[in-house]
Amino acid sequence: MTKFKITVINTGGTFNKRYNPITGELEVPKDALALQEIINYSYNTEFEVISIISKDSLEMNENDRELITKTIQNCKNQNIIIVHGTDTMNLTAKYLDEKIKNKNIVLTGAMLPISINKVEATLNFSQAVGFLNSNIKNDIYISMHGSVKNYKNLIKNKEEGKFLNI
């Protein structure tokens, strides 16, 4: 049986954050432990995980977005999930839309770290996996809060702290 293949580009964000008992802060680690918790139960999909940036998305800049772009361009896989912070995932999606046309790309993240609440991050990542397993056209999508839409049609409502369809 052939497994579906997805490349996951891990850039950090709240999805990955863990509490540091010494500093008392939530930090973005350089590992992919949060992803491994979900991936271990995805039996029908083969994942390639590439951790390239360990930042909160508010700290991301043009150089980071260019690194994400180059990583995607060098990727042989057609199906890509980017784990990204929610505050600027729309900016990265727009940046990628201008540079990449031949891949299925889904950005996802979480408002709460998986280390604090496993449900939201697991839902967002899992629906991205399911979406990529369907017959979709090459485009840039966001998977958040029960919806996977073209990045232009799903936005973060900062007042309500959730993503909404527009």
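**Entry 1: the sheet.** I looked up the strand order and found six strands in an open sheet, β4-β1-β5-β6-β7-β8, with mixed pairing. Strands are DSSP runs (E, at least two residues) and helices likewise (H or I, at least four), numbered from the N terminus; two strands pair if DSSP finds at least two bridges between them.

**Entry 2: basis.** The model is predicted: local features need pLDDT of at least 70, side-chain atom pairs count only at pLDDT 80 or more, and totals for chains, interfaces and linings use all residues. Residues are numbered from 1 along each chain as its sequence is written, and side-chain values use heavy atoms, with hydrogens and water left out.

**Entry 3: aromatic pairs.** I searched the whole structure and recorded four aromatic pairs (ring centres of Phe, Tyr or the six-membered ring of Trp within 6.5 Å; planes under 30 degrees apart are stacked, over 60 edge-to-face, the rest tilted). Tyr41 and Tyr43 are edge-to-face, at 6.5 Å and 70 degrees, and both are exposed (over 50% relative accessible area; buried is under 20%, partly exposed in between; 1.4 Å probe, protein chains only). Phe131 and Tyr141 have centres 4.7 Å apart and planes at 70 degrees, so this pair is also edge-to-face. Phe131 lies in helix α4 (residues 118–132) and Tyr141 in strand β7 (residues 139–144), so the pair ties together parts 10 residues apart in sequence. Phe131 is buried at 18%, as is Tyr141 at 8%.
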